[in-house]
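Subject: A structure to look through

Dear colleague,

I am passing on a structure for you to look through, and below it I have written down what was found. Please keep the structure open while you read, so that you can look up each residue as it comes.

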Amino acid sequence: PWEPSQEELAYQQAYEALYGQKKDTGLLWGRAIKGQVRKIDSIIEDEDKYLDDVKDLLVELEEYIVSIDKDNLDQVHPEYRDKMAVLDLEEVKNNNGKCYIVVEDDKAVGLIMGCIFSYDEYDYLDYKCPKRGEITELIVSKNVRSKGIGNMLMNKMEEYFKSDGCEYILVDVFAYNENAIKFYDKNGYHSRMYTNIKKIGD
(Lines give C-alpha, C1' and ligand atoms only; values in the text may rest on other atoms or scores of the structure.)
Protein backbone atom coordinates (compact mmCIF):
# COMPACT_ATOMS: atom_id res chain seq x y z
CA PRO A 1 0.00 0.00 0.00
CA TRP A 2 1.04 3.62 -0.62
CA GLU A 3 2.68 5.34 2.34
CA PRO A 4 3.23 9.12 2.53
CA SER A 5 6.80 10.36 2.78
CA GLN A 6 8.05 12.43 5.70
CA GLU A 7 7.77 15.57 3.59
CA GLU A 8 4.19 14.73 2.65
CA LEU A 9 3.35 14.15 6.31
CA ALA A 10 4.90 17.51 7.17
CA TYR A 11 2.57 19.20 4.70
CA GLN A 12 -0.38 17.31 6.15
CA GLN A 13 0.48 18.44 9.67
CA ALA A 14 0.89 22.01 8.46
CA TYR A 15 -2.49 21.89 6.74
CA GLU A 16 -4.23 20.54 9.83
CA ALA A 17 -2.63 23.23 11.99
CA LEU A 18 -3.57 25.97 9.53
CA TYR A 19 -7.13 24.98 8.76
CA GLY A 20 -8.15 22.85 11.74
CA GLN A 21 -9.18 19.85 9.66
CA LYS A 22 -7.66 16.71 8.24
CA LYS A 23 -6.99 16.33 4.55
CA ASP A 24 -6.14 13.35 2.40
CA THR A 25 -2.36 13.34 2.25
CA GLY A 26 -2.16 12.53 -1.45
CA LEU A 27 -4.47 15.38 -2.37
CA LEU A 28 -2.66 17.66 0.04
CA TRP A 29 0.67 16.87 -1.60
CA GLY A 30 -0.74 17.95 -4.96
CA ARG A 31 -1.97 21.20 -3.43
CA ALA A 32 1.40 21.81 -1.82
CA ILE A 33 3.24 21.42 -5.12
CA LYS A 34 0.96 24.09 -6.57
CA GLY A 35 1.90 26.43 -3.73
CA GLN A 36 -1.53 26.36 -2.12
CA VAL A 37 -0.23 25.25 1.26
CA ARG A 38 2.49 27.22 3.00
CA LYS A 39 5.64 25.19 3.70
CA ILE A 40 6.83 25.20 7.29
CA ASP A 41 10.30 23.69 7.46
CA SER A 42 10.13 22.60 11.09
CA ILE A 43 9.44 23.41 14.71
CA ILE A 44 12.75 23.12 16.52
CA GLU A 45 14.47 23.86 19.83
CA ASP A 46 17.81 25.06 18.42
CA GLU A 47 17.56 28.61 19.69
CA ASP A 48 21.36 29.09 19.56
CA LYS A 49 21.43 28.76 15.77
CA TYR A 50 18.62 31.28 15.38
CA LEU A 51 19.53 33.59 18.26
CA ASP A 52 19.63 36.69 16.08
CA ASP A 53 16.18 35.86 14.72
CA VAL A 54 14.92 35.33 18.27
CA LYS A 55 16.23 38.76 19.21
CA ASP A 56 14.50 40.32 16.20
CA LEU A 57 11.20 38.64 17.06
CA LEU A 58 11.34 39.88 20.64
CA VAL A 59 12.04 43.43 19.44
CA GLU A 60 9.18 43.22 16.94
CA LEU A 61 6.77 42.22 19.71
CA GLU A 62 7.94 44.90 22.11
CA GLU A 63 7.72 47.58 19.46
CA TYR A 64 4.14 46.52 18.88
CA ILE A 65 3.40 46.63 22.61
CA VAL A 66 4.82 50.16 22.77
CA SER A 67 2.60 51.20 19.87
CA ILE A 68 -0.60 50.09 21.65
CA ASP A 69 0.34 51.12 25.20
CA LYS A 70 -2.28 53.71 26.20
CA ASP A 71 -0.35 54.49 29.39
CA ASN A 72 2.89 55.19 27.50
CA LEU A 73 4.94 53.19 29.98
CA ASP A 74 6.52 50.47 27.84
CA GLN A 75 9.72 51.12 25.94
CA VAL A 76 12.37 49.40 23.85
CA HIS A 77 15.57 50.23 25.69
CA PRO A 78 18.78 50.36 23.59
CA GLU A 79 19.97 47.24 25.45
CA TYR A 80 16.71 45.35 24.93
CA ARG A 81 17.68 43.43 21.80
CA ASP A 82 20.95 42.06 23.14
CA LYS A 83 19.82 41.30 26.69
CA MET A 84 16.17 40.24 26.63
CA ALA A 85 16.61 37.08 24.56
CA VAL A 86 19.47 35.92 26.79
CA LEU A 87 17.41 36.59 29.93
CA ASP A 88 14.34 34.83 28.53
CA LEU A 89 16.29 31.77 27.42
CA GLU A 90 18.10 31.58 30.76
CA GLU A 91 14.72 31.62 32.50
CA VAL A 92 13.56 28.76 30.27
CA LYS A 93 16.68 26.76 31.04
CA ASN A 94 16.43 27.28 34.80
CA ASN A 95 12.72 26.48 35.10
CA ASN A 96 12.21 23.21 33.25
CA GLY A 97 11.06 25.11 30.19
CA LYS A 98 11.07 24.90 26.42
CA CYS A 99 11.63 27.30 23.56
CA TYR A 100 10.09 26.15 20.28
CA ILE A 101 10.88 27.98 17.06
CA VAL A 102 9.09 27.83 13.72
CA VAL A 103 11.59 27.94 10.85
CA GLU A 104 10.69 28.87 7.31
CA ASP A 105 13.35 29.10 4.58
CA ASP A 106 16.02 28.81 7.29
CA LYS A 107 14.69 31.81 9.20
CA ALA A 108 12.85 31.83 12.52
CA VAL A 109 9.43 33.37 11.91
CA GLY A 110 7.75 32.49 15.19
CA LEU A 111 8.55 31.27 18.68
CA ILE A 112 7.02 30.27 21.96
CA MET A 113 8.71 30.03 25.36
CA GLY A 114 7.25 28.35 28.39
CA CYS A 115 8.38 27.44 31.90
CA ILE A 116 7.23 25.25 34.75
CA PHE A 117 7.86 27.47 37.74
CA SER A 118 7.98 26.29 41.34
CA TYR A 119 5.57 27.79 43.81
CA ASP A 120 6.73 30.16 46.54
CA GLU A 121 7.19 28.69 49.99
CA TYR A 122 3.84 29.79 51.42
CA ASP A 123 1.63 29.77 48.33
CA TYR A 124 -0.12 26.69 49.69
CA LEU A 125 -1.75 28.78 52.44
CA ASP A 126 -4.36 30.23 50.09
CA TYR A 127 -3.96 28.19 46.91
CA LYS A 128 -4.18 24.50 46.01
CA CYS A 129 -0.99 24.80 43.93
CA PRO A 130 -1.71 22.45 41.02
CA LYS A 131 1.24 21.89 38.73
CA ARG A 132 1.10 24.44 35.94
CA GLY A 133 3.09 25.64 33.00
CA GLU A 134 3.38 29.27 32.02
CA ILE A 135 3.75 30.71 28.53
CA THR A 136 6.25 33.52 28.82
CA GLU A 137 6.59 34.51 25.15
CA LEU A 138 4.55 33.85 22.01
CA ILE A 139 5.55 35.73 18.89
CA VAL A 140 4.73 35.33 15.21
CA SER A 141 6.38 37.68 12.74
CA LYS A 142 3.95 40.13 11.17
CA ASN A 143 5.03 38.83 7.74
CA VAL A 144 3.50 35.39 8.37
CA ARG A 145 0.54 36.05 10.64
CA SER A 146 -2.92 34.56 10.05
CA LYS A 147 -1.30 31.37 8.74
CA GLY A 148 -1.87 29.15 11.79
CA ILE A 149 1.68 29.40 13.13
CA GLY A 150 0.51 30.67 16.51
CA ASN A 151 -1.78 27.67 16.88
CA MET A 152 1.02 25.30 15.89
CA LEU A 153 3.26 26.76 18.58
CA MET A 154 0.50 26.70 21.20
CA ASN A 155 -0.27 23.07 20.47
CA LYS A 156 3.40 22.16 20.73
CA MET A 157 3.82 23.87 24.10
CA GLU A 158 0.58 22.46 25.48
CA GLU A 159 1.75 18.98 24.52
CA TYR A 160 4.99 19.54 26.43
CA PHE A 161 3.21 20.81 29.53
CA LYS A 162 0.84 17.85 29.47
CA SER A 163 3.72 15.40 29.08
CA ASP A 164 5.30 16.87 32.22
CA GLY A 165 2.15 16.47 34.28
CA CYS A 166 0.85 20.03 34.28
CA GLU A 167 -2.83 20.52 35.06
CA TYR A 168 -3.09 24.16 34.01
CA ILE A 169 -1.41 26.70 31.75
CA LEU A 170 -1.02 30.38 32.63
CA VAL A 171 -0.23 33.30 30.37
CA ASP A 172 -0.04 37.02 31.09
CA VAL A 173 -1.59 39.14 28.35
CA PHE A 174 -1.18 42.90 27.98
CA ALA A 175 -4.61 44.45 28.55
CA TYR A 176 -4.37 46.60 25.42
CA ASN A 177 -3.36 43.71 23.19
CA GLU A 178 -6.83 42.91 21.89
CA ASN A 179 -5.57 40.56 19.19
CA ALA A 180 -3.75 38.40 21.74
CA ILE A 181 -6.77 38.36 24.06
CA LYS A 182 -8.99 37.13 21.21
CA PHE A 183 -6.39 34.51 20.25
CA TYR A 184 -6.22 33.05 23.75
CA ASP A 185 -10.00 33.18 24.18
CA LYS A 186 -10.35 31.20 20.97
CA ASN A 187 -7.93 28.61 22.35
CA GLY A 188 -9.92 28.06 25.54
CA TYR A 189 -8.17 30.45 27.95
CA HIS A 190 -10.02 32.83 30.26
CA SER A 191 -9.13 35.67 32.61
CA ARG A 192 -8.65 34.86 36.28
CA MET A 193 -6.95 37.98 37.68
CA TYR A 194 -6.65 41.63 36.65
CA THR A 195 -3.98 44.23 37.34
CA ASN A 196 -5.42 47.74 37.81
CA ILE A 197 -3.36 50.90 37.47
CA LYS A 198 -3.94 54.54 38.42
CA LYS A 199 -1.62 57.47 37.84
CA ILE A 200 -1.29 59.71 40.92
CA GLY A 201 1.84 61.75 40.10
CA ASP A 202 2.70 64.41 37.53
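**Salt bridges across the chain**

K49 counts as exposed, because its relative accessibility is 55% and the cut-off for that word is over 50%. Please bear in mind throughout that this is a predicted model. Which residue does the side chain of K49 meet in a salt bridge? The partner is D106, with 3.8 Å from N to O. This pair links distant parts of the chain, since K49 is in the loop between β1 (42–44) and α3 while D106 is in the loop between β2 and β3, 57 residues apart.

In general, side chains of opposite charge can pair when their charged atoms come close. By the rule used here, the count comes to 8 salt bridges. Another of them joins D164 and K131, whose side chains meet at 2.8 Å, N to O. D164 lies in the loop between α5 (149–163) and β5, and K131 in the loop between β3 and β4, so this pair ties together parts that are 33 residues apart in sequence. Both partners count as partly exposed, D164 at 24% relative accessibility and K131 at 34%. There is also a network, in which salt bridges that share partners join K55, D56, R81 and D82.

**The chain as a whole**

The protein chain has 6 helices and 5 strands, and from the N terminus on these elements run α-α-β-α-α-β-β-β-α-β-α. Of its 202 residues, 35% count as buried. If you take the contacts between residues at least 6 apart in sequence, 63% of them join residues at least 24 apart.

Helix α3 (residues 51–68) has 18 residues and reaches 26 Å from its first C-alpha to its last, which is close to the 26 Å expected at 1.5 Å a residue. Its buried residues include V54, L57, L58, I65 and I68. What do the buried residues of α3 pack against? They pack against α4 (80–94), β2 (98–104), β3 and β4.

V171 is in strand β5 (residues 168–171). Leaving aside its neighbours within four places in sequence, V171 is in contact with I135, Y184 and Y189. Between V171 and G114 there are 57 residues in sequence, yet their C-alpha atoms are 9.2 Å apart in space.

**Surface and cysteines**

The chain exposes about 13600 Å², of which carbon and sulfur atoms supply 47%. Y122, Y124 and L125 make a nonpolar surface patch of about 390 Å². Of these residues, Y124 has its place in the loop between β3 (107–115) and β4 (132–140), and Y124 is exposed, with a relative accessible area of 52%.

As for the cysteines, C166 counts as buried at 12% relative accessibility, whereas C129 is partly exposed, with a relative accessible area of 22%. How many disulfides are there by the rule used here? The count comes to 0.

Methods. Residues are numbered from 1 along each chain as its sequence is written. This is a predicted model: local features need pLDDT of at least 70, side-chain atom pairs count only at pLDDT 80 or more; totals for chains, interfaces and linings use all residues. Side-chain values use heavy atoms; hydrogens and water are left out. A disulfide is a pair of cysteine sulfur atoms within 2.5 Å. Buried means under 20% relative accessible area, exposed over 50%, partly exposed in between (1.4 Å probe, protein chains only). Helices (H or I, at least four residues) and strands (E, at least two) are DSSP runs, numbered from the N terminus. Contact means heavy atoms within 4.5 Å. Accessible areas come from the Shrake-Rupley method with a 1.4 Å probe; for residues, only the protein chains shown count as cover. Patches are made of residues with over 30% relative accessible area and no salt bridge: like charges are joined within 9 Å, nonpolar side chains (Val, Leu, Ile, Met, Phe, Trp, Tyr) within 5 Å. A salt bridge is a side-chain nitrogen of Lys or Arg within 4 Å of a carboxyl oxygen of Asp or Glu. The expected span of a helix is 1.5 Å times one less than its number of residues.
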